[in-house]
Amino acid sequence: MKRIFLLTLLFSLYACGDENENTKKAEAPQAEQVSPLAKYEKSGVEMALQKVSEHVYYVQGKAGIATDNEGFISNAAAIITNEGVVVVDALGSPSLAALFLEKLKMITDKPVIKVIVTHYHADHIYGLQVFKEQGAEIIAPAGYLDYADAEIGKSRLEERRESLDPFVNEDTYIVKADRVLDKNTQMTVGDITLDIHYLGTAHSSGDLSVLVVNDAVLVSGDIIFEGRVPFTGGADTAHWLEVLEKLDNSNLKALIPGHGPAAKEPAEAIKLTLNYLKTVRTAMQEAVENLMSFDEAYDLADWSAFENLPAFGAAHRRNVYGVFLSLEADSMSQ
Ligand SMILES: [Zn+2]
């Protein structure tokens with residue numbers, strides 16, 4: 001019987017163009033083996049899925065500017081519930097998200113059912129389509145939709161299609177959110193409770209952070225940067241500082257920032273961003289009050305605490321200039 005079956009199978013494999021039942025049966029298993037992720041350009045970056053607590057894992061983007069390492073500069077987290085996986089942030093290209101998803105498939109057979117986007121910046125959202133196409137619900141802060149529809153969103157994508165080619169390409173698109181949050185929201189997913197904090201305009205024009213209540217782990221998004229100069233373009237640094245000062249980290253067991261390593265000492269982790277924002281704001285506030293020019297104020301200030309951090313050269317002066325302009329505008333309107 002076996003031989004007859006094998007012969008039939010062989011015949012059906014070679015019987016090109018013959019649309020009989022055997023042909024279909026022989027080809028069907030092959031088609032199923034092609035991963036839906038195969039259509040994305042294969043990423044060559046090293047990405048290690050790290051366990052932070054019982055239910056929480058993350059991958060850590062590398063230090064550098066936006067287009068280094070295929071754009072793998074930001075973190076993404078995964079919360080494994082008994083109903084499915086909740087991902088927080090989707091990385092900077094579909095290729096990176098596909099690689100992240102492959103890593104997740106090694107530790108769980110549950111699908112990704114929700115993706116929470118902490119904010120709209122390109123390094124956190126271009127992987128969304130991978131999860132959306134697999135059926136996940138996309139949850140984003142108010143502010144995300146404005147960006148997704150706006151000219152700035154389109155021109156950023158055009159720029160990244162050039163600078164991150166072929167990983168961000170003509171098939172990359174900005175995914176619309178299925179659900180938009182504009183207030184603190186508690187969400188139960190399977191056996192896990194998530195406290196999602198809506199922070200308003202802080203690092204961007206709408207930030208979320210996600211507390212995994214069961215594990216006391218905070219996935220903070222970009223309100224906290226570790227190990228590199230924070231990016232403050234488009235930020236409201238005054239409100240951002242307020243958010244950080246109010247952040248109750250007393251019961252946290254770990255914190256996953258938007259960039260940099262997960263911290264077991266959350267209070268320490270917020271120090272860098274807090275000190276950075278304070279230093280920049282204080283120096284520029286004095287400059288504006290004393291009617292100094294930007295160049296003069298920049299040269300006079302002491303940046304030594306930050307000048308050895310990655311992204312200092314690429315981001316710092318521009319950050320400071322943005323804060324100077326906003327404080328100058330504030331002083332004019334008073
Ligand atoms: Zn970021």
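Reader: Where does UniProt place the feature "domain: Metallo-beta-lactamase"?

Author: At residues 73–259, according to UniProt, in an unreviewed entry. UniProt positions follow the numbering used here, feature names are shortened, and annotations may be inferred rather than shown by experiment. The end C-alpha atoms of this span lie 7 Å apart, and the span is 28% helix and 30% strand. Helices (H or I, at least four residues) and strands (E, at least two) are DSSP runs, numbered from the N terminus.

Reader: What should I know about the model itself?

Author: This is a predicted model: local features need pLDDT of at least 70, side-chain atom pairs count only at pLDDT 80 or more, and totals for chains, interfaces and linings use all residues. Residues are numbered from 1 along each chain as its sequence is written.

Reader: Which strands pair with β6?

Author: Start with the rule. Two strands pair if DSSP finds at least two bridges between them. Strand β5 (residues 112–116) pairs with β6 in the parallel sense over three bridges. Ile116 has Ile139 of β6 as its bridge partner. Strand β7 (residues 179–181) also pairs with β6 in the parallel sense, over three bridges. There, Ile139 stands opposite Arg179 of β7.

Reader: Why is β6 largely enclosed by the rest of the structure?

Author: Count neighbours. A residue is buried if 20 or more other C-beta atoms lie within 10 Å of its own, exposed if 12 or fewer, and partly exposed in between; C-beta atoms are placed from the backbone. Four of the five residues of β6 (residues 137–141) are buried, so the strand is largely enclosed.

Reader: How many residues has the largest nonpolar core?

Author: A nonpolar core is a set of buried Ala, Val, Leu, Ile, Met, Phe, Trp, Tyr and Cys residues joined through C-beta atoms within 7 Å. The largest here has 93 residues; Ala77, Val87, Ala90 and Val115 have the most contacts inside it. Helix α9 (residues 266–289) gives the largest share, nine residues.

Reader: Which residues is Val115 in contact with, beyond its neighbours within four places in sequence?

Author: Contact means C-beta atoms, placed from the backbone, within 7 Å. On that basis Val115 is in contact with Val87, Ala90, Leu128, Phe131, Ala136, Ile138 and Ile139.

Reader: What is the strand order in the open sheet of five strands?

Author: The order is β8-β9-β10-β11-β12, with mixed pairing. β8 (185–189) and β12 (254–259) are at the edges with a single partner strand each, so one side of each lacks a neighbour in the sheet. β8 runs antiparallel to strand β9 (residues 192–200), joined by five bridges. Gln186 has Asp195 of β9 as its bridge partner.

Note on methods:
Contact = placed C-beta atoms within 7 Å.
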